[in-house]
Amino acid sequence: MTDAPLKLFNSLTRQLEVFEPVHPGEARVYTCGPTVYNYPHIGNMRAYVFADVLGRTLTWKGYKLTHVINITDVGHLTDDADAGEDKMEKMAAAKAQSIWDIAAHYKEAYWADVKALNIRQPAQWTVATDYVPQMIEFAKGIADKHCYELESGLYFDVSTVADYGRLARAQTEEGEGRIEAVEGKRNAADFAIWRKTPPGETRQMEWDSPWGRGAPGWHLECSVMSGEVLGFPFDIHTGGIDHREIHHPNEIAQNQAHCCTNGLDDPRNSGARIWMHNNFLVERSGKMSKSSGEFLRLQLLVDRGYHPLAYRLMCLQAHYRSELEFSWEGLGAALTRLKRMVMGVEHLKARHAELGSASIADLGTEPAEGWTLNQVQGDEADGSIERRVGTEQFDRALSEDLNTPEAITSVEWALSLKDWPPKARLDAIAKMDSVLGLNLMGLTRADLRIRPKAARLTEAEIEAALARRKDARAARDFAASDAIRDELAAQGVEVMDGDPLGWEWKLG
Ligand code: AMP
Ligand code: ZN
């Protein structure tokens with residue numbers, strides 16, 4: 001079943017490449033994690049859903065996965081290059097709180113979203129402030145040949161490594177004019193790997209170093225944490241598409257310097273063999289921006305009544321390299337699709353229970369149209385049962401650079417096979433869901449009901465009113481039944497009689 005070779009799009013070469021692990025049988029993956037100065041928006045979470053599906057796919061393919069995600073609690077400036085203030089320091093000042101409290105609070109909030117979106121726990125969360133001594137050692141190792149000191153810090157000279165910026169395909173003299181000038185920089189794209197605390201100031205987070213008291217640069221952090229935990233070279237480094245332009249080229253430059261040889265062609269020098277980037281989730285009205293008041297957090301979706309896994313499905317319905325536009329209608333459509341799948345699984349479970357513990361071998365209890373028991377057993381042996389229930393197509397789709405939009409249709413295919421025994425279909429769906437992570441086996445229709453937080457009625461009250469209405473209808477008291485319906489409507493509850501998807505009610 002897992003025969004299709006896994007092909008992944010490598011941003012370094014801009015090509016699909018067959019995945020060849022550095023260590024046979026293993027897959028080591030590093031994902032740039034959040035800067036914990038604020039809540040993540042749902043666009044940020046798309047990056048982790050993508051990394052999660054990548055990790056689950058590697059597991060599906062039989063690799064022993066070691067996945068690391070970092071938590072940036074120091075060093076990320078308001079500009080990805082070297083301009084602006086430290087995001088953490090800035091938020092701490094605005095809230096008059098300690099940076100450590102800010103970091104702890106938003107780290108928890110991020111982890112809550114990770115959990116709600118069914119993103120698997122990585123083998124390790126690396127927290128940047130736990131690695132400062134290693135960062136200083138790394139910087140010391142490359143400082144002589146590749147760095148120079150200015151008043152504001154230790155800078156990396158990008159002209160000392162071959163092919164700087166190849167990942168971004170942007171090797172302009174001006175560094176694309178993207179960086180606020182720092183006096184004394186040799187090249188526009190040079191970046192700070194250590195930022196000195198300005199004289200007379202004290203930062204909440206600062207450490208002693210050979211270049212004075214200060215804090216590590218953000219790019220240094222990821223080079224050090226990925227190399228420390230996974231060892232250079234490791235297999236795959238992931239992040240959002242914005243990181244392809246500055247953050248990852250800078251990491252690569254440092255890794256090249258650290259590995260002592262020039263040239264990107266030798267994958268050891270870029271740190272990771274494959275660099276993968278998810279495209280952005282976009283939203284036209286600007287609600288994605290954390291600076292706008294009510295920005296698109298996962299909690300906002302939940303408050304409006306949407307199950308977080310509807311958002312996960314929305315992400316999976318688009319290929320990770322395509323831009324995805326957020327809309328409430330789109331989210332609603334994803335929720336409906338999820339509900340259809342969940343209802344399909346509920347139905348199959350009920351059928352299976354009816355049949356007792358019938359396995360494929362007991363197929364006689366549900367003869368498949370046109371199939372005999374012997375045929376089925378024979379087919380199982382030669383693998384075509386997988387073709388039949390969709391796992392083979394599923395594997396093919398995933399193997400083509402994680403084509404989740406197509407992979408999802410294999411689940412729907414398995415649900416649609418009316419003449420096939422429930423057990424085989426349930427098994428196949430559970431297997432496929434081990435990659436999609438939609439919790440299709442555990443969710444119920446009731447979990448997916450739309451119930452905004454602002455709703456005035458509780459679910460129990462709605463159910464009680466509907467029960468009274470049912471009684472009224474049974475007694476043919478239609479006036480009473482209509483009155484209950486109108487009362488509910490006045491409270492924002494839409495009663496959905498005969499809805500093919502089985503929603504009994506919906507809160508608007
Ligand atoms: P940050 O916390 O800003 O470092 O971002 C966390 C992750 O989210 C990074 O991998 C970013 O590249 C990614 N990211 C930021 N904005 C978006 C977006 N709108 N859509 C998808 N990914 C994003
Ligand atoms: Zn990073």
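Donors to a metal are N, O and S atoms within 2.8 Å of it, with a wider limit of 3.2 Å for Na, K and Ca. In this predicted model, the zinc ion (ligand 2) has three such donors: the SG atom of Cys32, the SG atom of Cys222 and the NE2 atom of His247, at 2.1 Å. Because water is not among the atoms, a site of this kind may look incomplete. Along the sequence, the donor residues follow the spacing C-x189-C-x24-H.

Two strand pairings were examined. Strand β1 (residues 7-10) and strand β2 (residues 15-18) run antiparallel and are joined by four bridges. Within this pairing, Leu8 has Glu17 of β2 as its bridge partner. The two strands form a hairpin with four residues between them, and Arg14 in this hairpin adopts a positive phi near 55 degrees. Strand β6 (residues 147-150) is likewise paired with strand β7 (residues 153-156) in the antiparallel sense, over four bridges. Here Glu149 is partnered by Leu154 of β7. The hairpin of β6 and β7 has two residues between the strands.

The packing of two helices is described by the angle between their axes and by the distance between those axes. For helix α9 (residues 328-354) and helix α13 (residues 404-416), the axes come within 10 Å and cross at roughly 35 degrees. This crossing of α9 and α13 is left-handed. On the α9 side, the contact is made by Arg337, Met341, Gly344, Val345 and Leu348. The α13 side contributes Ile408, Thr409, Val411, Glu412 and Leu415. By class, the residues of this contact are six nonpolar, two polar and two charged.

The surroundings of one loop residue, Glu283, were also described. Glu283 is located in the loop between β12 (281-282) and α7 (298-303). Its side chain makes a polar contact of 2.9 Å with the side chain of Ser285. When residues up to four places away in sequence are not counted, Glu283 touches Met288, Leu296 and Phe326. Gly43 lies 240 residues from Glu283 along the chain, yet the C-alpha atoms of the two residues are separated by 9.2 Å.

Methods: Residues are numbered from 1 along each chain as its sequence is written. Chains are lettered from A and ligands numbered from 1 in the order in which they are written. This is a predicted model: local features need pLDDT of at least 70, side-chain atom pairs count only at pLDDT 80 or more; totals for chains, interfaces and linings use all residues. Side-chain values use heavy atoms; hydrogens and water are left out. Contact means heavy atoms within 4.5 Å. A polar contact is a pair of N or O atoms within 3.5 Å; within protein, one must be able to donate a hydrogen and the other to accept it, and residues adjacent in sequence count only if both atoms are side-chain atoms. Two strands pair if DSSP finds at least two bridges between them. Axes are lines fitted to C-alpha atoms, for helices over the stretch in contact, and angles run from 0 to 180 degrees between N-to-C directions. A crossing is left-handed if the near helix is turned anticlockwise from the far one by less than a right angle, and right-handed if clockwise. Ala, Val, Leu, Ile, Met, Phe, Trp, Tyr, Cys and Pro count as nonpolar, Asp, Glu, Lys and Arg as charged, and the others, Gly among them, as polar.
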